[in-house]
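Welcome! Have the sequence and the 3D view open side by side, and try each task yourself before you read its solution.

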Amino acid sequence: LKLTSVLLFGNEKDCKKNTIECLDIGGKKGFILSPGCDLPYGCPEANLISVKEVVLDEYQQKIARVLKKDTIEEGISAKLHDYSKSNKLIVEVVTLDSASCPPCKYMVDAVKKATNDMSEKVEIYEYKISEKEGLIAMQSLKVRAIPTICLNGRVVFSSIIPDITTLKYEVENAIKSHIKEKSNDK
């Protein structure tokens with residue numbers, strides 16, 4: 001089940017749709033339905049009850065299949081930055097939360113190390129999907145796994161922590177492309 005976008009920030013309808021989606025993929029035997037790594041603190045009890053209802057009640061499963069035709073994360077997207085107007089390359093790191101997720105911390109640290117001498121050319125943002133703004137960023141950037149690094153809105157490293165040399169190379173190339181695009185706009 002989707003931890004943040006459905007169980008924590010979604011409603012009962014979202015939970016039912018996500019539950020039936022998982023059941024349709026996993027089948028009825030030899031399948032364990034659960035949230036990813038943990039259950040978010042503050043998850044509404046009604047959301048968990050709606051999951052249970054769909055799992056245990058065939059009638060609720062039929063209802064959920066009708067609901068499934070709608071998008072699960074309806075309307076969650078926003079334009080984060082106008083990359084073409086920025087004088088700097090925008091480096092976005094989408095994480096669960098680098099303070100509590102070790103791979104996320106390694107990804108953020110890698111970005112900081114790789115761009116340490118580029119502060120006048122890059123702007124770094126961490127979007128934590130444990131917060132609503134981070135979830136919106138994740139959806140807007142079309143990020144499918146965390147942690148992920150995006151350069152000017154383009155996913156470059158998804159769920160793979162690059163070595164510093166590789167990351168620095170990608171950032172430098174993105175800076176060159178960004179500068180070239182800015183000069184072409186003038």
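## Exercise 1: A tyrosine in a loop

Tyr41 is found in the loop between α2 (12-26) and α3 (45-56). Please keep in mind that this is a predicted model.

**Task.** Decide whether Tyr41 is buried, partly exposed or exposed, and find how far its C-alpha atom is from that of Leu8.

**Solution.** 
- Step 1. The relative accessibility of Tyr41 is 83%.
- Step 2. The cut-off for exposed is over 50%, so Tyr41 counts as exposed.
- Step 3. Tyr41 and Leu8 are 33 residues apart along the chain, and 8.1 Å separates their C-alpha atoms.

## Exercise 2: The whole chain

**Task.** Work out how many helices and strands the protein chain has, and in what order the elements run.

**Solution.** 
- Step 1. Counting gives seven helices and four strands.
- Step 2. Starting at the N terminus, the order is α-α-α-α-β-α-β-α-β-β-α.
- Step 3. For the overall dimensions, the C-alpha trace spans about 60 × 35 × 25 Å along its principal axes.
- Step 4. The chain has 186 residues, and 40% of them are buried.
- Step 5. Take the contacts between residues at least 6 apart in sequence: 71% of these join residues at least 24 apart.
- Step 6. The chain exposes about 10900 Å², with carbon and sulfur atoms supplying 52% of that area.

## Exercise 3: Two rings

**Task.** Describe how the rings of Tyr125 and Tyr127 are arranged.

**Solution.** 
- Step 1. Two values are needed: a pair of aromatic rings is described by the distance of the centres and the angle of the planes.
- Step 2. The count in this model comes to one aromatic pair.
- Step 3. That pair is Tyr125 and Tyr127, with 6.2 Å from centre to centre and 5° between the planes.
- Step 4. Planes under 30 degrees apart count as stacked, and the pair of Tyr125 and Tyr127 is stacked.
- Step 5. Now look at accessibility: Tyr125 counts as partly exposed because its value is 26%, whereas Tyr127, at 12%, counts as buried.

## Exercise 4: The nonpolar cores

**Task.** Find which residues have the most contacts inside the largest nonpolar core, and which element gives the largest share of this core.

**Solution.** 
- Step 1. Here is the background: in soluble globular proteins, nonpolar side chains tend to be buried together.
- Step 2. The largest nonpolar core has 18 residues, and those with the most contacts inside it are Leu89, Val91, Val122, Ile149, Leu151, Leu167 and Val171.
- Step 3. Two or more residues of this core come from each of β1 (89-95), α5 (102-114), β3 (148-151), β4 (154-158) and α7 (164-185).
- Step 4. The largest share, five residues, comes from α5.
- Step 5. Another core lies apart from this one; it has ten residues, among them Ile90, Val94, Ile129 and Cys150.
- Step 6. Zoom in on Leu167: leaving aside neighbours within four places in sequence, Leu167 is in contact with Ala110, Val111, Ala114, Ile149, Phe157 and Pro162.

## Exercise 5: What covers a helix?

**Task.** Say which residues of α6 are buried, and what covers them.

**Solution.** 
- Step 1. The buried residues in α6 are Gly134, Leu135, Ala137, Met138, Gln139 and Ser140.
- Step 2. Their cover includes α1 (3-8), β1 and β2 (122-128).
- Step 3. For contrast, visit Ile32 in the loop between α2 and α3: with a relative accessible area of 74%, Ile32 is exposed.

How values were computed. Residues numbered from 1 in each chain as written. Predicted model: local features only at pLDDT ≥ 70, side-chain atom pairs only at ≥ 80, totals over all residues. Heavy atoms only, no water. Buried < 20%, exposed > 50% of the residue type's maximum accessible area, 1.4 Å probe, protein only. Contact = heavy atoms within 4.5 Å. Areas by Shrake-Rupley, 256 points an atom, 1.4 Å probe, with all protein chains shown as cover. Phe/Tyr/Trp six-rings, centres within 6.5 Å; stacked < 30°, edge-to-face > 60°. Core = buried A, V, L, I, M, F, W, Y, C linked by side-chain atoms within 4.5 Å.
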